[in-house]
Amino acid sequence: MSLAVLKSRALAGMEAPEVSVETHLANGLPSFTIVGLPDTEVKESRDRVRAALQNCGFDMPARRITVNLAPADLPKESGRFDLPIALGILAASGQLPADQLHHYEFAGELSLSGQLRPIRGALAMTFAMQRSQGGAPRAFILPYANADEASLVRDAAIYPAHTLLEVCAHFAARDSQTILQRHQAQLPAPAMPYPDFSDVQGQQQARRALEVAAAGGHNVLMVGPPGTGKTMLASRFPGVLPPMSDEEALESAAVHSLGGHFKVEHWKRRPYRAPHQTASGVALVGGGHVPRPGEISLAHCGVLFLDEIAEFDRKVLDVLRQPMESGLITISRAARQAEFPARFQLIAAMNPCPCGYLGHASGRCRCTPDAVLRYHSRLSGPLLDRIDLQIEVAAMPPASLRRQAGTAEGTQPIAARVAAAFALQLARQGKSNQRLNNREIEQHCQLEQQGERLLLDAMLRLHWSARTYHRVLRVARSIADLAGSARIMPPHIAEAIQYRRVLQEI
């Protein structure tokens with residue numbers, strides 16, 4: 001037989017469309033051609049495959065070899081096609097039995113010695129394989145280093161291999177002597193992945209605001225002078241978030257798999273991303289010739305922490321506005337379009353002025369009102385409108401630190417209250433308060449007459465937009481859930497209003 005057809009997967013954003021690897025051997029001068037819109041990495045597989053076959057003891061056919069990666073209009077990238085190309089050559093040349101190959105899909109990069117190296121996106125490819133199976137289910141053969149992440153997909157048949165020889169032996173052996181064994185994911189035992197809140201002394205208002213934010217999935221801006229604990233608070237925030245569901249954990253793992261960052265020990269651990277102030281817009285939202293997920297997608301179902309947010313370029317910050325609303329980022333290029341999930345919680349920190357000491361007891365600030373105004377204007381109004389809680393983190397006197405040492409509440413009791421409030425939201429509306437649309441707000445955030453009057457007065461006095469009005473209602477709903485109240489009471493509205501006044505008062 002001079003033709004062999006194997007199945008593999010390409011990557012297009014979060015999707016992994018099926019690719020048929022068709023290998024044909026014909027008479028003529030020896031050559032090796034790969035067609036089907038391959039990029040440079042795929043074209044280089046000719047040399048990797050040739051060396052791997054020869055070093056594993058197989059014959060490289062001295063014939064005209066044509067490999068077609070179909071569909072032809074889908075761009076193909078990375079070295080994941082090395083394994084199916086090598087097997088296709090062996091099957092087409094009669095060196096490998098081809099009768100069982102159609103029951104499997106293949107992906108793996110080959111070293112020159114025939115070792116299988118890990119690939120990106122194994123989890124996304126396994127997802128796609130499971131979703132697309134209409135008839136007899138296929139198994140997936142891939143490098144051993146990717147086995148744990150691929151096995152996270154329930155009921156997927158994963159057969160990992162270390163070398164090309166192991167894969168060939170699997171198909172050459174009889175059924176009773178199968179070489180490759182089905183792999184089951186080895187998940188780590190749950191552990192406290194983040195530092196404890198008991199390390200933070202004082203800052204009761206900030207701790208309370210972060211608890212409200214965790215309960216309802218709200219975004220937070222912390223404003224305060226250097227050394228007041230803003231970064232400490234942010235780094236401990238993921239530890240009080242509600243536990244990840246299996247669906248959230250798989251979505252997060254799939255995104256990290258696309259970037260080659262997934263580790264099994266991070267399973268069901270909330271992502272925490274803290275990009276530097278010099279990060280570009282593409283670094284935050286993703287992009288590139290072959291679209292890759294950015295920081296906002298790597299923070300999916302977790303936390304994106306922007307320290308010193310006013311030091312970021314304003315245009316870079318404004319690219320966050322659309323994904324903060326939709327939870328999705330679409331990257332469009334001339335040749336392709338890719339979508340990545342981006343449902344993250346933004347935790348931002350900034351100083352009150354350029355020098356950082358405005359309002360500090362030391363009186364060290366010499367910033368003019370114009371300088372302070374220019375500093376605050378680095379955050380656009382539309383971006384601030386999307387940040388639900390804007391709180392002050394003030395400096396604490398030394399005597400207060402000494403008096404409160406060792407008495408701060410830890411992460412576990414805060415996480416328990418947050419989990420209870422989140423459970424109320426799931427029972428009532430099936431999602432967090434932050435994700436309520438306007439119609440659902442009218443249904444689940446009804447106010448008493450006194451609370452409604454209080455909120456309208458604040459809206460007129462502080463010149464809020466309609467978006468801010470609805471966001472304050474969502475925050476008040478989260479405060480009521482933490483209190484176990486079925487209705488939003490005036491004290492809940494009053495507390496929610498206090499979380500929107502910091503920058504107006506500086």
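At 11% relative accessibility, Gln203 counts as buried, where buried means under 20% relative accessible area, exposed over 50% and partly exposed in between, with a 1.4 Å probe and protein chains only. The model described here is predicted, so that local features need pLDDT of at least 70 and side-chain atom pairs count only at pLDDT 80 or more, whereas totals for chains, interfaces and linings use all residues. Residues are numbered from 1 along each chain as its sequence is written, and side-chain values use heavy atoms, with hydrogens and water left out.

Gln203 lies in the loop between helix 6 (164-172) and helix 7 (204-216); helices (H or I, at least four residues) and strands (E, at least two) are DSSP runs, numbered from the N terminus. Although Gln203 is not a glycine, its phi is positive, at about 55°. Leu37, also not a glycine, has a positive phi of about 60°. Leu37 is placed in the loop between strand 3 (31-35) and helix 1 (40-43) and is partly exposed, with a relative accessible area of 45%. A further backbone feature is the cis peptide bond from Ala70 to Pro71, with omega near 10°. Pro71 belongs to the loop between strand 4 (64-70) and helix 3 (82-92). Most residues other than glycine have a negative phi, and most peptide bonds are trans.

Within helix 8 (residues 230-236), Ser235 is buried, its relative accessible area being 16%. Residues up to four places away in sequence aside, Ser235 touches Tyr194, Pro195 and Tyr272, contact meaning heavy atoms within 4.5 Å. The C-alpha atoms of Ser235 and Arg273 are separated by 9.7 Å, although the two residues are 38 residues apart along the chain.

In helix 14 (residues 369-376), the buried residues are Ala371, Val372, Tyr375 and His376. Viewed down the helix axis, these buried residues fall within an arc of 135° and therefore line one face of helix 14; the arc is that of the directions from the helix axis to the C-beta atoms. Pro369, Asp370, Leu373 and Arg374 are exposed on the other side of helix 14.

Helix 20 (residues 466-482) and helix 21 (residues 490-498) pack at an angle of about 125°, with their axes 8 Å apart. Axes are lines fitted to C-alpha atoms, for helices over the stretch in contact, and angles run from 0 to 180 degrees between N-to-C directions. In this contact, Val472, Leu473, Val475, Ala476, Ile479 and Ala480 of helix 20 meet His492, Ile493, Glu495, Ala496 and Ile497 of helix 21.
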